[in-house]
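Here are a few notes from going through the model. Have a look at the structure first, then read on.

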Amino acid sequence: MKKIILLGYMGCGKSTIAQNLSKITNIPFLDLDKCIEKRANLSINEIFEQHGEVYFRKLEHEMFVELLQSSENNIIGLGGGTPCYANNHELLKRDDVVSVYLKASIDTLYSRLVHNKSKRPLIANMNEEEMKEFIAKHLFDRSFYYNHAQHKVSVDDKTVEETVQDILEILA
Ligand SMILES: Nc1ncnc2c1ncn2[C@@H]1O[C@H](COP(=O)(O)OP(=O)(O)OP(=O)(O)O)[C@@H](O)[C@H]1O
Ligand SMILES: O=C(O)C1=C[C@@H](O)[C@@H](O)[C@H](O)C1
Ligand SMILES: [Mg+2]
C-alpha cells in the first residue's frame, strides 16, 4: 500500500483531517511536526527560537525522508512549509506515495489561524491585519510547490467529514 501524504498551508487542516482519516482507515497517522519535536526534544517554537529556521528546515527534510524510507503504511501530515524547502516537493511525485494538497482560500486560512497562532512561529507575533497580508503573499509563493501534489482537494466550506470523504474517493 502507498503512503498517504497530506500537505497544504498552516491551518488548512492537515493534522485534523489526517487524524480522522486514520480512524476510518485504520492506517496509522504520523504528524511530521510532532516527529520533529520528538526527535529534537523541543517544541517547534523552541527549535525556531534556539536554532533558527534553517536548522528546522534541515531537520524537517531529514525526518520526511526517513518517514518515506520506512516500510510501514502511514498517513503522513506534513508541516505547512515542508514541500517548499530542500526539494521536498519532488518527493510528492514518487510512485510509492499518494500526495493530496488540502487547498484552502485565504479567508478560510485566516479565520482558522487568527485565534490559534501562538504555536505557529511564522505568524505568532503578527496583528490581524499583518496576518491577512502575510497569508495572501505567502500562499501565492507556496502554491507552486503545493501544486506538485498528485491530487488536490478543496477544503473551503467543507466539514472534516466531507473532506475525509473526498480523500477516500481518491484512494478508492
Ligand atoms: N472543516 C474543517 N476541516 C479541518 N479543520 C477545521 C475545519 N473546521 C475547523 N477546523 C479547525 O481548523 C484548524 C486546522 O488546524 P490543523 O492543525 O488541523 O491544521 P494544519 O494544516 O495541521 O496546520 P499546521 O501546518 O500549522 O500544522 C483546527 O483548529 C480545526 O479544528
Ligand atoms: O508553514 C510553515 O512554514 C510551518 C508550518 C508548521 O506546520 C510548522 O512546520 C512550522 O511552524 C513551519
Ligand atoms: Mg498540523
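1. Start with the largest pocket: 28 residues line it, and Met10, Ser15, Asp33, Lys119 and Arg120 lie nearest its centre. Helix H1 (14–25), helix H2 (32–40), helix H3 (44–51) and helix H4 (53–69) each give two or more residues to that lining. By type, the lining has 7 nonpolar, 10 polar and 11 charged residues. A pocket here is an open set of points on a 1 Å grid over the protein atoms alone, where a 1.4 Å probe fits, with protein on both sides within 12 Å along at least five of seven lines; lining residues have an atom within 4 Å of a point.

2. Ser15 deserves a look. UniProt lists Ser15 under "binding site" in an unreviewed entry, and such annotations may be inferred rather than shown by experiment. Ser15 sits in helix H1 and is partly exposed at 30% relative accessible area (buried is under 20%, exposed over 50%, partly exposed in between, with a 1.4 Å probe and protein chains only). Beyond neighbours within four places in sequence, Ser15 is in contact (heavy atoms within 4.5 Å) with Phe29 and Asp31.

3. On housekeeping, this is a predicted model, so local features need pLDDT of at least 70 and side-chain atom pairs pLDDT 80 or more, while totals for chains, interfaces and linings use all residues. Residues are numbered from 1 along each chain as its sequence is written, chains are lettered from A and ligands numbered from 1 in the order written, and side-chain values use heavy atoms, leaving out hydrogens and water.

Technical notes: Helix = DSSP H or I, 4+ residues; strand = E, 2+ residues; numbered from the N terminus. Nonpolar A, V, L, I, M, F, W, Y, C, P; charged D, E, K, R; others polar.
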